[in-house]
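Here is a short walk through one model, helix by helix. Keep the sequence and the 3D view side by side as you read.

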Amino acid sequence: MPRTISQMRNLGPVMERRLREIAVENEDDLRAMGAVEAYRRLRFIFGREVSVIALHAMEASLRDCDWRRLPPEIKADLDRSAGALRTGS
């Protein structure tokens, strides 16, 4: 049985409510959508309230690690993806 959002690391009640807005109810939903796509959808709905740290947190939750412990190359890839989304590239 997949973990609920509240059972995942790094993701608190606010993120859980926001993820529900984009039809992400559990770990399997987030894994299927992917952290970058979830971030894109959250930014569309919530704008600047959703920072790149949220992207790091979602990716780290899928890897079951603390978001601050994501390898620098993974953070850099995520940051590039987030930048491309913001600029429309």
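**How the helices pack**

Start with a pair of helices: α3 passes α4 in a right-handed crossing. This is a predicted model. Two packed helices are described by the angle between their axes and the distance between the axes. For α3 and α4, the angle is about 145° and the axes are 9 Å apart.

Now look at who makes the contact. From α3 come Ala35, Val36, Ala38, Tyr39 and Leu42. From α4 come Val52, Leu55, Met58, Glu59 and Leu62. By class, the contact has 9 nonpolar residues, no polar ones and 1 charged one.

Just after α1, the chain reaches Ala23, which takes a positive phi of about 65°.

Pick out Leu19 in α1. Leu19 counts as buried because its relative accessibility is 0%, and the cut-off for buried is under 20%. Which residues does Leu19 touch, leaving aside its neighbours within four places in sequence? The contacts are Ile5, Leu11, Val24, Ala38, Leu42 and Met58. Ser81 is 62 residues away from Leu19 along the chain, and their C-alpha atoms are separated by 19 Å.

Move on to the core. In soluble globular proteins, nonpolar side chains tend to be buried together. Here the largest nonpolar core has 25 residues. Leu11, Leu19, Leu30 and Met58 touch the most other members. The elements that give two or more residues to this core are α1, α2 (27–33), α3, α4 and α5 (72–87). The largest share, 6 residues, comes from α4.

Finish with Met58, one of the α4 residues in the contact with α3. Again leave aside neighbours within four places in sequence. Met58 is then in contact with Leu11, Met15, Leu19, Leu30, Ala35, Ala38, Tyr39 and Leu42.

Conventions
Residues are numbered from 1 along each chain as its sequence is written. This is a predicted model: local features need pLDDT of at least 70, side-chain atom pairs count only at pLDDT 80 or more; totals for chains, interfaces and linings use all residues. Side-chain values use heavy atoms; hydrogens and water are left out. Helices (H or I, at least four residues) and strands (E, at least two) are DSSP runs, numbered from the N terminus. A nonpolar core is a set of buried Ala, Val, Leu, Ile, Met, Phe, Trp, Tyr and Cys residues joined through side-chain atoms within 4.5 Å. Buried means under 20% relative accessible area, exposed over 50%, partly exposed in between (1.4 Å probe, protein chains only). Contact means heavy atoms within 4.5 Å. Axes are lines fitted to C-alpha atoms, for helices over the stretch in contact, and angles run from 0 to 180 degrees between N-to-C directions. A crossing is left-handed if the near helix is turned anticlockwise from the far one by less than a right angle, and right-handed if clockwise. Ala, Val, Leu, Ile, Met, Phe, Trp, Tyr, Cys and Pro count as nonpolar, Asp, Glu, Lys and Arg as charged, and the others, Gly among them, as polar.
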